[in-house]
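Dear colleague,

I am passing on the structure we spoke about, and below it I have set out what was found in it. Please read the notes with the model open beside you.

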Amino acid sequence: MTRVWRGLTPWLFLLVPLAFLITFTYAPIVNMLAYSFTDWDGLSPELRYTGIGNYTELFTRPDLFEVFWVSGYYLAASVVQIAVALYFATILSFDVRFRNLFKGVLFFPYLINGVAIGFVFLYFFQDGGTLDSVLALLGVHSDHAWLGTPVSANVSLAGVSVWRYTGLNFVLFLGAIQSIPGELYEAAELDGAGRWHQFRHIIAPGIRPVLSLSVILSVSGSLSVFEIPYIMTGGATGTETFVIQTVKLAFQFNKTGLASAAAVVLLLIILLVTWIQRRLVPDDKVDLV
Amino acid sequence: MHMSRRTVLAIAAGAALVLTACTGTGASSKGADAKAPDDPSKVSGTIKVLTQRTDLVQDGTMKWYAAAFNRTYPKVKVEFEALTNYEADVKIRMNTENYGDVLMIPGVVKKSDYPRFFASLGTRAERGRKYRFTDFTTVDGKVYGQSPIGVSPGFVYSKKVWREAGVTEWPTTPAEFLSDLKAIKSRTDAVPYYTNFAAQWPLTSWTFVNGSVGCDTGATTKLADGDPWAKGSDLRVGDTLLYDIVHQGLAEKDPTTTNWELSKPQLAKGKIATQWLGTWAIVQFRDAAKKAGANPDDIGFMPFPAQVDGTFCAVVGPDYHQAVNVHSRHKEAARAWIDWFTDKSGYDRDNLAISPLKSAPLPDVLKPYEDRGVKLIELDDTEGARVKAIDDQSEVGINKPDYRQDLVDLARGARKGSLDSFLAGLSRKWTEAQKTLGS
């Protein structure tokens, strides 16, 4: 009897989290899959099973995939983001004055709600708003409509996304760097290695798994950008991303079936990208010592 | 192959167990009636009213209405639930039975589905004698909703600025309107026209030019059967005017960062001259004027610059329709609230709006309309459901901001192309959807 209990105990502990996981993650996905084969409008009790109709429609309408070009801006931005995060993580892992303050300052934006960030930056980019005022203080009187043209708007929005997510990458890198044993730096210093060499030969190889994780996250993140452009421009002026388009299909044009299919396709694309990346950059063991 | 939503769910997963629990009992109560109570003192129950007016719930106005309602119906308790994102939230809740006792009919509900979701308020023949807008919610001769106010689209403008620019008469053609805006630009410091591009929804009101241009009560039917952007059609005239305003530099400098709340005091203070909105906006702009220390009487309202036989036409249409949840356990009480709110609450007067009662006089703000003989018309909505279906199918979105945002972008050069090819693209999408849906 006790043996039975002993076997059951871990499952009892898992019961609640598993129930949550199934209810809020897997059930909706299965549901979405089911809807993607129907023409449901999101409300009407009547729906028809349309087979792969939604998927054929998706793939015969290239205009639906054009929005992926916008992801390019965010992809480029994530290169900047990773570089900046890596730079600060490296510097702040050494003894620097006020380093805890700087850590806090860098991580802070990530803690703010995305909706709030959207609204704050709307004021920031407004004609005569914060950005224009700051530039005026520096003597630059740009009369630039920051969200006015597709290129400028996308660059601005991608900038906001860098501002928001750098902190997350930074913390991941910092944690990884700090797990590198300190003696390695001492030994390196004795051998006459400078900061750059320490970074190149100790830190970079030491945090490789986290680095490749960050790259995967930023690629999938760039493909599924949503909140910031949705709140700030609503997808206007060429800033529409694939997810915004999907949301509009579902909630503006009441094509829940088609939107579900689009969401499934996005999921598959992200899985595919991740898989390719794993194949190209295998996750080999870190072996520093 | 026809399947109910629940069948699909059951096929979908073992997890369907969790989900079917909240999909309700379906059509069992389809076709119910919400009858008006005979004796007000006997109706009882607690009813929940879902509303999009978050402002009125927060500042206690709705509570005040409820207290007034209780003087006639002492045993009914009214609770309010304000939803900021009304359309999307209610749509999701309507997949259950729990969507309040009284609610505004969201745009997503297909007209043919009204009997599944709402209890009927009576026949069209009977209600049509007393109320406006009954055919907007009529299915098979029965009416399912009633709008508490009527609104008419038009330009909210600063009388002061227009006067300073030397314009005293309402423009009668789009060309005249444009030259008036030019006069405002050259003679005053005000922004002649404000698009409210970033707030998005103000752009959708440009669809309400439909009917005003040609003074045609059958304008909605024309949308269903014809091409809305054919030469000379109402939407083309409206969209062309919006394009010209922006293209000729008569709108604000950077539309992409407009601010709706700020635009109200700015118009009141004469920094903005004109906005295309509706009668419902007047009260908000007057309040903004009072708060900003400007004269509320400077807020004017004018119809679309088009005349048929020398007369302006203004379309009067309904706002959200109030309806009774078909699953409500207190349908009489809910019905009592709708009747009272429509007939006796004074909600229409408080909003300087047009009364849904045919017998009521026009509000004071429309006095200039009466003086200048503006003809008020009501559009026939028999084809409304089909227009909605075509709109969804084509993904044009005549009541959504997207295509007008693209139009503004096009006009100010942030998007390549010409107006003609842009409108032709819309026509193509629209007429193709007409074909797929079958006429």
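To begin with a helix contact in chain B, the residues B:Trp260, B:Ser263, B:Lys264, B:Pro265, B:Leu267 and B:Ala268 of H13(B) meet B:Trp280, B:Gln284, B:Phe285, B:Ala288, B:Ala289 and B:Ala292 of H14(B). By class, this contact of H13(B) with H14(B) has nine nonpolar residues, two polar and one charged. Please bear in mind that this is a predicted model.

Helix H13 (residues 260-268) and helix H14 (residues 279-292) of chain B pack with their axes 8 Å apart, at an angle of about 70 degrees. Because angles of 65 to 115 degrees count as roughly perpendicular, H13(B) and H14(B) are therefore roughly perpendicular to each other. The crossing in which H13(B) passes H14(B) is right-handed.

Turning to the open spaces, the second largest pocket has a volume of about 1500 Å³, and of the 49 residues that line this pocket, the closest to its centre are A:Asp63, A:Glu240, B:Asp406, B:Arg415 and B:Lys429. H20(B) gives the most to the lining of this pocket, with nine residues, and the lining as a whole has 17 nonpolar, 16 polar and 16 charged residues.

Among the residues that line the largest cavity are B:Arg53, B:Met62, B:Asp319 and B:Phe341, and its lining divides into six nonpolar, three polar and two charged residues.

With best wishes

Definitions and conventions:
Residues are numbered from 1 along each chain as its sequence is written. Chains are lettered from A and ligands numbered from 1 in the order in which they are written. This is a predicted model: local features need pLDDT of at least 70, side-chain atom pairs count only at pLDDT 80 or more; totals for chains, interfaces and linings use all residues. Side-chain values use heavy atoms; hydrogens and water are left out. On a 1 Å grid over the protein atoms alone, a cavity is a set of points where a 1.4 Å probe fits but cannot get out, and a pocket is an open set with protein on both sides within 12 Å along at least five of seven lines; lining residues have an atom within 4 Å of a point. Grid points are joined across faces, edges and corners, and a volume is the space filled by probe spheres set on the points. Helices (H or I, at least four residues) and strands (E, at least two) are DSSP runs, numbered from the N terminus. Ala, Val, Leu, Ile, Met, Phe, Trp, Tyr, Cys and Pro count as nonpolar, Asp, Glu, Lys and Arg as charged, and the others, Gly among them, as polar. Axes are lines fitted to C-alpha atoms, for helices over the stretch in contact, and angles run from 0 to 180 degrees between N-to-C directions. Angles under 35 degrees count as roughly parallel, over 145 as roughly antiparallel, 65 to 115 as roughly perpendicular and the rest as oblique. A crossing is left-handed if the near helix is turned anticlockwise from the far one by less than a right angle, and right-handed if clockwise. Contact means heavy atoms within 4.5 Å.
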